[in-house]
Amino acid sequence: MNREEARLELDATTLRPQDASPEARAMAEKDPQLAAWLEKRTAFDESVADALQAMTVSDSGLRDRILMAAKRSTKRSRRWVTPTLIAAAACVAFGWVMFWPGNAAMAAWESESLHAVAQVEYGVMKLDEKAETYEAVRKLLTEQECPCPSKLPQGLAGLRTYGCKRVQVDGRAATIICFELQPGREAHLVVFDNTGLGNCPAQDAPCFKSARNWHYASWSHGSQSFMLATTGDESALKKLFELA
(Lines give C-alpha, C1' and ligand atoms only; values in the text may rest on other atoms or scores of the structure.)
Protein backbone atom coordinates (compact mmCIF):
# COMPACT_ATOMS: atom_id res chain seq x y z
CA MET A 1 0.00 0.00 0.00
CA ASN A 2 1.38 3.41 -1.01
CA ARG A 3 0.56 6.80 0.52
CA GLU A 4 -2.23 7.64 -1.95
CA GLU A 5 -3.94 4.28 -1.39
CA ALA A 6 -3.72 4.78 2.36
CA ARG A 7 -5.05 8.33 2.04
CA LEU A 8 -8.07 7.19 0.02
CA GLU A 9 -8.88 4.50 2.60
CA LEU A 10 -8.43 6.85 5.54
CA ASP A 11 -10.48 9.48 3.73
CA ALA A 12 -13.43 7.08 3.59
CA THR A 13 -13.25 6.18 7.28
CA THR A 14 -12.59 9.46 9.10
CA LEU A 15 -15.74 9.14 11.23
CA ARG A 16 -15.20 5.39 11.76
CA PRO A 17 -11.40 5.02 12.04
CA GLN A 18 -11.78 1.46 13.29
CA ASP A 19 -12.92 0.50 9.78
CA ALA A 20 -9.58 1.46 8.24
CA SER A 21 -7.15 -1.39 7.64
CA PRO A 22 -4.24 -1.85 10.07
CA GLU A 23 -1.86 -1.15 7.20
CA ALA A 24 -3.44 2.24 6.44
CA ARG A 25 -3.49 3.22 10.11
CA ALA A 26 0.13 2.17 10.53
CA MET A 27 1.18 4.26 7.54
CA ALA A 28 -0.58 7.32 9.03
CA GLU A 29 1.33 6.81 12.29
CA LYS A 30 4.68 6.65 10.49
CA ASP A 31 4.12 9.39 7.89
CA PRO A 32 3.98 12.87 9.56
CA GLN A 33 2.56 14.54 6.46
CA LEU A 34 -0.18 11.94 6.08
CA ALA A 35 -0.93 12.11 9.81
CA ALA A 36 -1.28 15.91 9.67
CA TRP A 37 -3.61 15.64 6.67
CA LEU A 38 -5.72 12.99 8.42
CA GLU A 39 -6.05 15.09 11.56
CA LYS A 40 -7.34 18.09 9.61
CA ARG A 41 -9.56 15.95 7.38
CA THR A 42 -11.14 14.28 10.41
CA ALA A 43 -11.69 17.63 12.12
CA PHE A 44 -13.45 18.91 8.99
CA ASP A 45 -15.74 15.86 8.75
CA GLU A 46 -16.59 16.14 12.43
CA SER A 47 -17.37 19.86 12.12
CA VAL A 48 -19.71 19.19 9.18
CA ALA A 49 -21.36 16.32 11.04
CA ASP A 50 -21.87 18.54 14.08
CA ALA A 51 -23.35 21.28 11.90
CA LEU A 52 -25.79 18.84 10.30
CA GLN A 53 -26.74 17.41 13.66
CA ALA A 54 -27.43 20.90 14.99
CA MET A 55 -29.92 21.64 12.21
CA THR A 56 -33.50 21.74 13.45
CA VAL A 57 -36.71 20.94 11.59
CA SER A 58 -39.46 23.50 12.04
CA ASP A 59 -42.28 21.33 10.65
CA SER A 60 -43.79 19.74 13.76
CA GLY A 61 -45.75 17.23 11.70
CA LEU A 62 -42.76 15.94 9.76
CA ARG A 63 -41.86 13.30 12.35
CA ASP A 64 -45.35 11.75 12.23
CA ARG A 65 -45.38 11.68 8.44
CA ILE A 66 -41.96 10.01 8.37
CA LEU A 67 -43.14 7.35 10.84
CA MET A 68 -46.29 6.71 8.79
CA ALA A 69 -44.24 6.39 5.62
CA ALA A 70 -41.86 4.01 7.38
CA LYS A 71 -44.77 1.75 8.42
CA ARG A 72 -46.09 1.63 4.86
CA SER A 73 -42.64 0.91 3.48
CA THR A 74 -42.31 -2.27 5.55
CA LYS A 75 -44.77 -3.92 3.16
CA ARG A 76 -42.35 -3.46 0.28
CA SER A 77 -39.79 -6.03 -0.71
CA ARG A 78 -36.47 -5.78 1.17
CA ARG A 79 -34.64 -6.01 -2.14
CA TRP A 80 -35.27 -2.28 -2.63
CA VAL A 81 -33.62 -1.34 0.65
CA THR A 82 -29.98 -2.04 -0.21
CA PRO A 83 -29.91 -0.08 -3.50
CA THR A 84 -31.52 2.88 -1.76
CA LEU A 85 -28.96 2.84 1.04
CA ILE A 86 -26.13 2.50 -1.44
CA ALA A 87 -27.40 5.50 -3.41
CA ALA A 88 -27.73 7.55 -0.22
CA ALA A 89 -24.21 6.60 0.87
CA ALA A 90 -22.88 7.56 -2.56
CA CYS A 91 -24.52 10.99 -2.29
CA VAL A 92 -22.95 11.55 1.13
CA ALA A 93 -19.53 10.43 -0.11
CA PHE A 94 -19.84 12.73 -3.13
CA GLY A 95 -20.69 15.59 -0.78
CA TRP A 96 -17.53 15.03 1.25
CA VAL A 97 -15.43 14.99 -1.92
CA MET A 98 -16.90 18.30 -3.07
CA PHE A 99 -16.36 19.86 0.35
CA TRP A 100 -12.72 18.83 0.74
CA PRO A 101 -10.36 20.36 -1.85
CA GLY A 102 -7.05 19.53 -0.12
CA ASN A 103 -4.78 16.51 -0.52
CA ALA A 104 -1.85 14.89 1.28
CA ALA A 105 0.71 16.32 -1.17
CA MET A 106 0.00 19.90 -0.10
CA ALA A 107 1.94 21.83 2.52
CA ALA A 108 0.10 22.04 5.84
CA TRP A 109 -0.67 25.76 5.50
CA GLU A 110 -1.93 25.19 1.95
CA SER A 111 -4.28 22.34 2.85
CA GLU A 112 -5.54 24.10 5.98
CA SER A 113 -6.18 27.34 4.11
CA LEU A 114 -8.27 25.57 1.47
CA HIS A 115 -10.00 23.60 4.22
CA ALA A 116 -11.04 26.83 5.97
CA VAL A 117 -12.04 28.53 2.72
CA ALA A 118 -14.26 25.58 1.76
CA GLN A 119 -16.05 25.75 5.09
CA VAL A 120 -16.77 29.45 4.57
CA GLU A 121 -17.80 28.94 0.93
CA TYR A 122 -20.29 26.19 1.78
CA GLY A 123 -21.67 27.81 4.92
CA VAL A 124 -20.20 25.40 7.46
CA MET A 125 -18.43 28.37 9.09
CA LYS A 126 -20.20 31.73 9.33
CA LEU A 127 -18.45 35.07 8.86
CA ASP A 128 -17.44 36.84 12.07
CA GLU A 129 -18.06 40.28 10.59
CA LYS A 130 -19.96 41.50 7.53
CA ALA A 131 -18.90 44.53 5.49
CA GLU A 132 -19.37 45.57 1.86
CA THR A 133 -16.03 47.31 1.24
CA TYR A 134 -12.42 46.32 1.78
CA GLU A 135 -11.77 49.52 3.72
CA ALA A 136 -14.55 48.62 6.16
CA VAL A 137 -13.12 45.11 6.56
CA ARG A 138 -9.62 46.50 7.05
CA LYS A 139 -10.88 48.85 9.77
CA LEU A 140 -12.56 45.96 11.60
CA LEU A 141 -9.44 43.79 11.43
CA THR A 142 -7.18 46.60 12.62
CA GLU A 143 -9.45 47.36 15.57
CA GLN A 144 -9.51 43.68 16.57
CA GLU A 145 -5.76 43.20 15.97
CA CYS A 146 -6.35 40.40 13.48
CA PRO A 147 -4.08 39.59 10.52
CA CYS A 148 -4.71 42.21 7.85
CA PRO A 149 -3.09 42.40 4.39
CA SER A 150 -0.18 44.81 4.13
CA LYS A 151 -0.64 44.83 0.35
CA LEU A 152 -3.32 43.53 -2.03
CA PRO A 153 -3.20 42.56 -5.71
CA GLN A 154 -4.17 45.66 -7.67
CA GLY A 155 -7.43 44.22 -8.97
CA LEU A 156 -8.69 43.00 -5.60
CA ALA A 157 -9.07 46.12 -3.46
CA GLY A 158 -11.86 47.58 -5.59
CA LEU A 159 -14.08 44.50 -5.41
CA ARG A 160 -17.15 44.34 -3.22
CA THR A 161 -16.62 42.37 0.00
CA TYR A 162 -18.92 40.21 2.10
CA GLY A 163 -16.94 40.23 5.35
CA CYS A 164 -14.24 38.30 7.16
CA LYS A 165 -13.58 35.23 9.30
CA ARG A 166 -10.87 34.58 11.91
CA VAL A 167 -9.29 31.11 11.58
CA GLN A 168 -6.12 29.16 12.39
CA VAL A 169 -3.66 28.10 9.70
CA ASP A 170 -0.73 25.86 10.61
CA GLY A 171 -1.09 26.86 14.27
CA ARG A 172 -1.06 30.60 13.62
CA ALA A 173 -3.77 33.27 13.53
CA ALA A 174 -5.18 33.94 10.07
CA THR A 175 -7.99 35.90 8.47
CA ILE A 176 -10.24 35.06 5.52
CA ILE A 177 -11.65 38.04 3.60
CA CYS A 178 -14.46 37.26 1.16
CA PHE A 179 -14.74 39.24 -2.10
CA GLU A 180 -17.26 39.12 -4.94
CA LEU A 181 -15.17 37.96 -7.89
CA GLN A 182 -18.03 37.51 -10.35
CA PRO A 183 -21.83 37.50 -10.03
CA GLY A 184 -22.54 34.47 -7.85
CA ARG A 185 -18.84 33.67 -7.38
CA GLU A 186 -16.63 34.57 -4.44
CA ALA A 187 -12.88 34.85 -4.01
CA HIS A 188 -11.52 34.16 -0.52
CA LEU A 189 -8.25 35.75 0.59
CA VAL A 190 -6.37 34.06 3.44
CA VAL A 191 -3.64 36.10 5.17
CA PHE A 192 -1.31 35.09 8.00
CA ASP A 193 2.16 35.74 9.41
CA ASN A 194 4.77 33.52 7.74
CA THR A 195 7.50 33.63 10.40
CA GLY A 196 9.04 30.15 10.51
CA LEU A 197 6.57 28.83 7.92
CA GLY A 198 7.63 25.66 6.13
CA ASN A 199 7.30 25.63 2.32
CA CYS A 200 6.65 29.37 2.40
CA PRO A 201 5.25 30.83 -0.86
CA ALA A 202 7.61 32.91 -2.97
CA GLN A 203 7.87 36.64 -2.36
CA ASP A 204 5.63 38.75 -4.63
CA ALA A 205 5.35 35.97 -7.22
CA PRO A 206 1.90 34.32 -7.23
CA CYS A 207 1.88 30.58 -7.88
CA PHE A 208 -1.34 29.35 -9.50
CA LYS A 209 -2.71 25.89 -8.81
CA SER A 210 -5.97 23.95 -9.03
CA ALA A 211 -7.53 21.39 -6.68
CA ARG A 212 -10.82 19.72 -7.58
CA ASN A 213 -13.18 22.60 -8.52
CA TRP A 214 -10.97 25.26 -6.89
CA HIS A 215 -8.44 27.63 -8.47
CA TYR A 216 -6.05 29.45 -6.19
CA ALA A 217 -2.93 31.59 -6.05
CA SER A 218 -0.41 31.74 -3.21
CA TRP A 219 2.39 34.21 -2.56
CA SER A 220 4.18 36.13 0.17
CA HIS A 221 4.84 39.80 0.76
CA GLY A 222 7.31 40.54 3.51
CA SER A 223 6.33 38.72 6.69
CA GLN A 224 2.86 37.80 5.40
CA SER A 225 1.72 34.92 3.21
CA PHE A 226 -1.47 34.79 1.20
CA MET A 227 -3.81 32.41 -0.59
CA LEU A 228 -6.57 33.65 -2.88
CA ALA A 229 -9.01 30.85 -3.78
CA THR A 230 -12.18 30.65 -5.84
CA THR A 231 -14.50 28.22 -7.58
CA GLY A 232 -14.90 30.86 -10.31
CA ASP A 233 -12.97 31.14 -13.54
CA GLU A 234 -9.20 30.84 -13.41
CA SER A 235 -8.93 33.67 -15.95
CA ALA A 236 -10.88 35.96 -13.59
CA LEU A 237 -8.49 35.03 -10.79
CA LYS A 238 -5.40 35.78 -12.90
CA LYS A 239 -6.89 39.06 -14.04
CA LEU A 240 -6.66 40.32 -10.45
CA PHE A 241 -2.88 40.05 -10.83
CA GLU A 242 -3.01 41.60 -14.31
CA LEU A 243 -1.91 38.30 -15.83
CA ALA A 244 -4.96 37.48 -17.97
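K238 lies over the face of F208, at 5.5 Å from the ring centre; a charge is taken to sit over a ring if NZ of Lys or CZ of Arg is within 6 Å of the ring centre and within 35 degrees of the ring normal. The model is predicted, so local features need pLDDT of at least 70 and side-chain atom pairs count only at pLDDT 80 or more, while totals for chains, interfaces and linings use all residues. Residues are numbered from 1 along each chain as its sequence is written, and side-chain values use heavy atoms, with hydrogens and water left out.

F208 also belongs to a cluster in which ring pairs link F208, W219, F226 and F241. Rings of Phe, Tyr and Trp (its six-membered ring) pair if their centres lie within 6.5 Å; planes under 30 degrees apart count as stacked, over 60 as edge-to-face and the rest as tilted. The structure holds six aromatic pairs. In one of them, the ring centres of W219 and F226 are 5.1 Å apart and the planes stand at 10 degrees, so this pair is stacked. W219 counts as buried at 5% relative accessibility, and F226 is buried with a relative accessible area of 0%. Here buried means under 20% relative accessible area, exposed over 50% and partly exposed in between (1.4 Å probe, protein chains only).

The rings of W219 and F241 likewise have centres 5.1 Å apart, but their planes are at 85 degrees, so this pair is edge-to-face. W219 lies in strand β6 and F241 in the segment after α8, so the pair ties together parts that are 22 residues apart in sequence. Helices (H or I, at least four residues) and strands (E, at least two) are DSSP runs, numbered from the N terminus.

W219 leads on to the largest nonpolar core, which has 23 residues; L141, L156, I177, L189, W219, L228 and L240 touch the most other members. The elements giving two or more residues to this core are α7 (134-143), β3, β4 (185-193), β6 (214-221), β7 (224-230) and α8 (234-239). A second, separate core of 21 residues includes A118, I176, V190 and F192. A nonpolar core is a set of buried Ala, Val, Leu, Ile, Met, Phe, Trp, Tyr and Cys residues joined through side-chain atoms within 4.5 Å. Apart from neighbours within four places in sequence, L240 is in contact (heavy atoms within 4.5 Å) with P153, Q154, G155, L156, L159, L181 and L228.

Eight bridges join β2 to strand β3 (residues 172-182) in an antiparallel arrangement, and strand β1 (residues 129-130) pairs antiparallel with β2 (residues 161-169) over two bridges. Two strands pair if DSSP finds at least two bridges between them. K130 has G163 in β2 as its bridge partner. C164, in strand β2, stands opposite I177 in β3. C164 and I177 are 13 residues apart in sequence and 4.4 Å apart in space, C-alpha to C-alpha. At 3% relative accessibility, C164 counts as buried.

Most residues other than glycine have a negative phi. In the hairpin of β2 and β3, with two residues between the strands, D170 takes a positive phi near 55 degrees. D204, in the loop between β4 and β5 (207-211), has a positive phi of about 50 degrees although it is not a glycine. D204 counts as partly exposed at 48% relative accessibility. R212, in the loop between β5 and β6, has a positive phi of about 55 degrees and counts as partly exposed at 45% relative accessibility.
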